[in-house]
Amino acid sequence: MTQSGQFRIQFLGTGNTWCDAGRANQAILVGTGGRNLLVDCGPNTLLQAKRFGVDLTTLDAIFLTHLHADHTFGLPTLLLEMNFFHRRQRPLAIYAPPGSGNYADRLLEMAYPDVFAQGLDYTFGTVEVGPSEHIDLGTCGVEVFEMDHSVVTNGYRFSSGNRAIAISGDTIPCAGLIAMSQDTDLLITECSYPESLPGVAHTSLTALRAVAPELGAQRIAVIHTDGVSDVAPFEQPNDGDI
C-alpha cells in the first residue's frame with residue numbers, strides 16, 4: 001500500500017485509438033496514500049488488469065479525462081465485475097468533465113439495459129468537475145485543469161505530501177498543460193504523431209519538444225502513441241510498466 005507522499009503508477013494501457021503496436025487503449029492506475037485511482041478506462045481495461053494481475057475492484061475513484069470511446073468504453077464491464085464477482089457495497093465516484101451529465105449511467109444502460117434496469121448492489125455516479133476545482137480525497141488532493149482537445153477535456157494534477165504528478169488526457173500543448181505540469185515529479189501526456197497534423201487536436205512529438213522548456217516537470221512520459229516512433233528525450237512506458 002502506498003503511503004502519503006508516495007505514488008505508484010501502473011500503465012494498463014498506453015496506446016492510441018487504434019491500439020497501434022498492440023498497445024491497449026489508455027488506462028492509468030494511480031496509487032497514493034492508501035487510495036487506488038484509475039485515470040481513463042479504455043475498452044480493454046479489464047482485460048489488461050487481469051493480464052497484469054491488478055485488482056481494479058479496490059478502486060476508490062475513477063477520473064475520465066474526456067468522453068471519447070477509447071478512454072471510457074471499459075466502464076460497463078468494470079462496473080459489472082465489481083458488482084457480480086466482488087459484491088462491492090461502497091459507492092464509486094466517476095469524475096468527468098463539465099457537460100458529462102449521467103454519462104456512466106447512460107453507458108451502462110446502452111451496454112447492458114437489463115442489468116441497468118434491475119440495478120447494482122452499490123451506487124455509482126458521474127461527478128462533473130471543471131477547471132480550477134479541487135477534489136479532496138483525504139490523503140490525496142486533485143486539481144482540475146482545462147486541456148485543448150476536440151471535445152471538453154480535463155487534465156488532473158494529483159498531490160500527496162510533497163509529491164505531485166499530472167495526467168493530461170488528449171490535448172495539444174496549451175496554457176492548461178503548462179500550468180498543470182509546474183513543479184511536478186512526473187507529467188504523463190499524449191504524443192500521437194511525429195509531426196503535427198492540420199486540424200487534428202493531438203500533440204505531436206515536434207510540438208511537445210518545442211514546449212518542453214515551459215513544462216515544469218522533472219520527468220515527462222508520453223502515451224497515446226503509435227509505439228514505434230522514437231520519442232526522445234521523453235520516456236515511453238509500455239503496457240504493464242510501473
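**View 1. The β2–β3 hairpin.** Strands β2 and β3 of this predicted model form a hairpin with two residues between them. Glycine 33 sits in the turn, with a positive phi of about 55°. Strand β2 covers residues 27–32 and strand β3 residues 35–39; the two run antiparallel and are joined by five bridges. Isoleucine 28 has valine 39 in β3 as its bridge partner. Strands (E, at least two residues) and helices (H or I, at least four) are DSSP runs, numbered from the N terminus. Two strands count as paired if DSSP finds at least two bridges between them. Residues are numbered from 1 along each chain as its sequence is written. The model is predicted, so local features need pLDDT of at least 70 and side-chain atom pairs count only at pLDDT 80 or more, while totals for chains, interfaces and linings use all residues; side-chain values use heavy atoms, with hydrogens and water left out.

**View 2. From β3 to β4.** Strand β4 (residues 61–63) runs parallel to β3, and three bridges join them. Leucine 38 has isoleucine 62 in β4 as its bridge partner. Right-handed means that, with the strands pointing away from the viewer, the path from the first strand over the helix to the second runs clockwise.

**View 3. The β9–β10 hairpin.** Two residues lie between β9 and β10, which form a hairpin. Glycine 161 in this turn has a positive phi of about 60°. Strand β9 (residues 154–160) runs antiparallel to β10, with five bridges between them. Phenylalanine 158 faces isoleucine 165 in β10. Four of the five residues of β10 (residues 163–167) are buried, so this strand is largely enclosed by the rest of the structure. Buried means under 20% relative accessible area, exposed over 50%, and partly exposed in between (1.4 Å probe, protein chains only).

**View 4. β10, α6 and β11.** Together with helix α6 (residues 175–181), β10 and β11 make a right-handed β-α-β unit. Three bridges join β10 to β11 (residues 184–190), and the pair runs parallel. Isoleucine 167 stands opposite isoleucine 188 in β11.

**View 5. The six-stranded sheet.** The open sheet has the order β7-β8-β9-β10-β11-β12, with mixed pairing. Strands β7 (134–136) and β12 (217–223) are at the edges, each with a single partner strand, so one side of each lacks a neighbour in the sheet. Strands β11 and β12 run parallel, joined by six bridges. Glutamate 190 stands opposite isoleucine 223 in β12.
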